[in-house]
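Visitor: I am new to this structure. Please show me how to read it, one feature at a time.

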Amino acid sequence: MSSLDSDLSFQEFDVKALKELDLDSRYLEKLEVIEIGALNGEILDKTEHFEAFFPNIKDFLYRALEYSRKPNKTLDMDFLDYGIHVQQELGRERDAIESILPYYNSFDSRSGKDWRNVIPITLLPAVLGAMGAIVINPNLVTSKYGKRANELELRVVKSLAKILGYKDISKVGGLALEGGTKGNMYGYLLGLNKAFPNIREDGLMSIKQPFKFINSQSGHFSNFTTLAAIGVGRKNALRIPADERNVIDIAKFKSTLEQCFSEGVIVPTVLITIGTTDACSLEDINKVSAVINALSVKYPKMHKPHLHVDAAIGWALSFYNDYDLDENKLFFRKSVIEKMHNIQNVCKSFHLADSITIDVHKTGYAPYSSSFLIVKNKDDFDYLMWDSGDFKYFNPAEFQISPVQYSLECTRSASGVFATALALKSLGIEGYQTLLGAGLQFTEILKEKFTEMKNVAVLNENLGFTCLFRPYPSFVTNAATLVEKEKFSEDFQSASKEINEYVQGLYKYWKLHKSPDIPSVDYVSAAAWAQYGDGTYEIPSWKAYILNPRAGKYIKVFMDEFKAIRKEYENHLPKENLDALKRIFL
């Protein structure tokens with residue numbers, strides 16, 4: 001054994017010391033098995049029970065991956081009657097592993113054959129970072145329990161803020177979170193507490209002035225579920241319609257906010273999205289911020305809304321903020337470079353946001369969960385701050401870092417912090433540009449292929465990681481014109497609903513008949529909205545989410561099978577149904 005191995009060896013379990021505590025030797029024998037096995041990780045000859053547990057960790061991970069690559073496994077609903085069998089006696093790790101391995105058949109994230117939603121391949125250094133944090137197990141509640149893990153959390157927050165483009169990093173604060181929904185909740189809570197500082201003690205019932213939150217129709221569902229969670233209720237949100245580009249309608253936002261101000265209605269928070277869940281569209285931070293600033297000057301007595309940006313997906317596009325589009329040293333496709341101008345214009349405005357939600361486990365290639373809240377001015381946390389006297393079993397004031405005083409959660413894992421740190425350090429700016437660029441280019445290629453077909457409409461022409469495509473019958477030759485008609489013509493709505501039945505029916509048929517090796521895609525019930533009336537009529541589509549660099553090799557086979565299955569589906573449609581569709585397009 002080398003000196004390094006010796007330094008890293010596990011501590012020997014001291015049975016003799018415990019015997020002095022007057023513990024039964026038979027109990028200590030059982031405890032010793034667990035201590036030197038599962039807890040200490042050292043495999044000794046005398047403990048056959050844990051034989052080959054840790055040496056087989058590599059084999060275990062490979063087998064888990066193999067299970068994940070067996071899609072379409074149906075769920076065994078017997079868990080409604082019982083859970084997993086937990087035996088009375090001490091179990092064997094090998095038996096435990098064998099019983100649990102089949103449940104890794106959940107999602108094939110590594111092959112590039114799954115284009116559903118936003119679960120990317122994980123970067124192995126980030127996986128190692130998460131595993132290390134899980135084994136060491138610091139708690140980020142305070143630096144009493146987290147030590148340098150708390151320090152790393154703040155360092156990662158500062159680094160993410162730099163990538164986003166914040167100017168004064170010394171003022172930035174933030175937290176590692178268990179998910180982006182919690183980040184959006186903070187966005188609402190920060191605005192609410194800034195508008196009504198007394199609610200921490202007196203509650204929402206003490207608020208006498210009318211108030212409304214503002215968010216966007218194209219935003220994530222957490223934009224209103226979090227309002228329910230904090231007791232405000234979704235009816236207290238004004239949802240601004242999305243325009244034809246699937247982003248917040250700035251004119252309607254301005255008129256809505258001004259109406260609130262003129263009627264004395266407080267707006268604690270305005271929440272917009274960079275990288276919407278389906279269209280991956282980017283709402284204009286600069287324009288929204290400008291409206292807020294202008295109206296706050298016009299109505300100086302009204303509370304200036306807290307601007308929160310849900311950038312759970314779109315935050316990573318800020319890696320391109322300083323990418324020289326003329327030099328294009330990574331040789332991205334011309335169509336990508338042309339559309340990247342808009343990405344830079346929007347993402348260079350991140351610094352205008354008062355707070356931002358980030359999911360590194362979405363577009364940063366880190367494992368679940370690696371989420372962060374970034375706050376432009378850490379003093380905003382004062383609105384959520386509890387006095388150190390409120391904590392009875394320790395005094396947060398005694399420790400250098402005490403997020404427990406302003407965080408919603410007392411128990412916060414450091415796995416996302418270490419995973420993110422290792423991901424950032426491993427890839428660097430250019431590494432992220434390269435890896436994300438694969439998804440951007442593959443998605444752009446897919447959009448181009450659908451557009452060339454003339455009978456499939458792409459509903460999100462913006463550069464992003466998603467392709468929303470609306471298949472029309474194969475005899476259609478003007479899909480782009482038709483989808484515009486569906487968006488803008490109220491007279492065409494009844495026909496549009498018939499088309500919806502075709503789009504959904506084809507998707508169901510495709511799911512049943514697709515080959516196992518062909519990528520899976522999603523169906524989205526609201527890929528776009530009507531630009532007439534109240535704007536609530538929804539236009540569905542199929543959705544491909546492509547972020548995995550291994551996905552590109554499946555584009556051709558996906559397209560070929562899509563065409564073949566659509567033809568087969570139409571051959572199976574009753575003649576009267578097909579004739580009815582043809583009449584729509586005549």
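**Reading the model**

Guide: Start with a single residue. Leaving aside residues up to four places away in sequence, Thr273 touches Gly219, Asn223, Ser281, Leu282, Glu283 and Asp310. Keep in mind that this is a predicted model.

Visitor: Where is Thr273 found? Is Thr273 buried or exposed?

Guide: Thr273 is found in strand E4, residues 269-273. Its relative accessibility is 3%, so Thr273 counts as buried.

Visitor: How do I read a sheet?

Guide: Strands of a sheet pair through backbone hydrogen bonds, either parallel or antiparallel. Here, seven strands form an open sheet in the order E1-E7-E6-E5-E4-E2-E3, and the pairing is mixed.

Visitor: Which strands stand at the edges?

Guide: Strand E1 (173-177) and strand E3 (237-240) do. Each has a single partner strand, so one side of each is left without a neighbour in the sheet. From one strand to the next, the twist averages 15°.

Visitor: In which sense do E5 and E6 pair?

Guide: Strand E5 (residues 306-310) and strand E6 (residues 355-359) are parallel, with three bridges. Take His308: its bridge partner in E6 is Ser355. Helix H8 (residues 148-164) packs on the sheet, where it touches E1, E6 and strand E7 (371-375). The directions of H8 and E7 make an angle of about 70°.

Visitor: What about the nonpolar core?

Guide: In soluble globular proteins, nonpolar side chains tend to be buried together. The largest nonpolar core here has 96 residues, and Phe253, Met340, Ile356, Phe372 and Ile374 touch the most other members. Helix H16 (residues 415-453) supplies the largest share, nine residues. A second, separate core has 53 residues, including Trp542 and Phe562.

Visitor: How many aromatic pairs does a search of the whole structure find?

Guide: The search finds 28. Take Tyr365 and Tyr432: their ring centres are 6.4 Å apart and their planes lie at 40°, so the pair is tilted. Tyr365 lies in the loop between helix H15 (360-363) and E7, and Tyr432 in helix H16, so the pair ties together parts 67 residues apart in sequence. Both Tyr365 and Tyr432 are buried.

Visitor: Is the pair of Phe381 and Tyr406 stacked or tilted?

Guide: Their ring centres are 4.3 Å apart, with planes at 20°, so this pair is stacked. Phe381 is buried at 2% relative accessibility. Tyr406 is buried too, at 15%.

Visitor: Which ring does the charged end of Arg200 sit over?

Guide: The ring of Trp386, 5.7 Å from its centre. Likewise, Arg234 lies over the face of Phe224, at 4.0 Å from the ring centre.

Definitions and conventions
Residues are numbered from 1 along each chain as its sequence is written. This is a predicted model: local features need pLDDT of at least 70, side-chain atom pairs count only at pLDDT 80 or more; totals for chains, interfaces and linings use all residues. Side-chain values use heavy atoms; hydrogens and water are left out. A nonpolar core is a set of buried Ala, Val, Leu, Ile, Met, Phe, Trp, Tyr and Cys residues joined through side-chain atoms within 4.5 Å. Buried means under 20% relative accessible area, exposed over 50%, partly exposed in between (1.4 Å probe, protein chains only). Helices (H or I, at least four residues) and strands (E, at least two) are DSSP runs, numbered from the N terminus. Two strands pair if DSSP finds at least two bridges between them. Axes are lines fitted to C-alpha atoms, for helices over the stretch in contact, and angles run from 0 to 180 degrees between N-to-C directions. Contact means heavy atoms within 4.5 Å. Rings of Phe, Tyr and Trp (its six-membered ring) pair if their centres lie within 6.5 Å; planes under 30 degrees apart count as stacked, over 60 as edge-to-face and the rest as tilted. A charge sits over a ring if NZ of Lys or CZ of Arg is within 6 Å of the ring centre and within 35 degrees of the ring normal.
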